[in-house]
Amino acid sequence: MQVVREGNPGKRPVPESVKLPPADLDEPDWTDVFPVVRDKNLQALNRRAREVARREWRRIVPVLKHAVGLAAVDATLLHDYCLCVARIDQCERDLSTRGLLMEGERGWQKNGATTIVSQYRAQLKVYIRELGLSPSARTGFSPPKDDDDDDPFD
């Protein structure tokens, strides 16, 4: 991805596996993941999730298209990234409305959304790194090492 983004100043041969043809990615149909349902409460949650996912797709795809180029194989990763953002939004809204603790059969218990949002945040961190969306991820791309030099102090 670094070669695609910055060019190839060292003129080293680029492996064919790195070269992927650019593609225009179509936005997924978010109703496949967040369907229209009869339950009014769930319907509102799904509507908001569709909007959050749509907004994130439209925000991030042009940036990535310009910065690194996108290939058709990136569509699933981007879809999952947007889905993750929408699920985090759902969990955070649930935590804001119902609270961190809920009264259960055995007294006060942790809201299950805390565990779910933690798992989605861990996955989001992976997607951010994979897509180069954080400052540290962008600087983490390093040039390939030259194996011809055996000096361990370089």
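Author: Let us start with V117, which lies in helix α4; please keep in mind that the model is predicted.

Reader: Is V117 buried or exposed?

Author: The idea is to compare the relative accessible area with a cut-off, and buried means under 20%. V117 has a relative accessible area of 6%, and therefore counts as buried. In the chain as a whole, 29% of the 154 residues count as buried.

Reader: Which residues does V117 touch, leaving aside those up to four places away in sequence?

Author: With that exclusion, the residues touched by V117 are I88, C91, E92 and L95. The C-alpha atoms of V117 and D89 are separated by 8.7 Å, although the two residues are 28 residues apart along the chain. For the chain, among contacts with a separation of 6 or more, 61% come from residues 24 or more positions apart.

Reader: How should I read the way helix α3 and helix α4 are arranged, and at what angle do their axes cross?

Author: One looks at the approach of the axes and at the angle between them. The axes of α3 (residues 75-98) and α4 (residues 112-131) come within 9 Å and cross at roughly 150°. Angles over 145 degrees count as roughly antiparallel, which means that α3 is roughly antiparallel to α4. The crossing in which α3 passes α4 is left-handed. The contact includes L78, Y81, V85, I88 and L95 of α3, and on the α4 side I116, V117, Y120, L124 and I128 are among the residues involved.

Reader: C91 has come up as a neighbour of V117. How many disulfides does the count come to?

Author: The test is a distance between sulfur atoms, with a cut-off of 2.5 Å, and here the count comes to zero disulfides. The sulfur of C91 is too far for a bond, because the closest cysteine sulfur, in C84, is 9.5 Å away. For C82 the closest cysteine sulfur is likewise in C84, at 9.8 Å, and so it too is too far for a bond.

Reader: Are C82 and C91 buried or exposed?

Author: C82, at 0% relative accessibility, counts as buried, and C91 is buried with a relative accessible area of 9%.

Definitions and conventions. Residues are numbered from 1 along each chain as its sequence is written. This is a predicted model: local features need pLDDT of at least 70, side-chain atom pairs count only at pLDDT 80 or more; totals for chains, interfaces and linings use all residues. Side-chain values use heavy atoms; hydrogens and water are left out. Axes are lines fitted to C-alpha atoms, for helices over the stretch in contact, and angles run from 0 to 180 degrees between N-to-C directions. Helices (H or I, at least four residues) and strands (E, at least two) are DSSP runs, numbered from the N terminus. Angles under 35 degrees count as roughly parallel, over 145 as roughly antiparallel, 65 to 115 as roughly perpendicular and the rest as oblique. A crossing is left-handed if the near helix is turned anticlockwise from the far one by less than a right angle, and right-handed if clockwise. Contact means heavy atoms within 4.5 Å. Buried means under 20% relative accessible area, exposed over 50%, partly exposed in between (1.4 Å probe, protein chains only).
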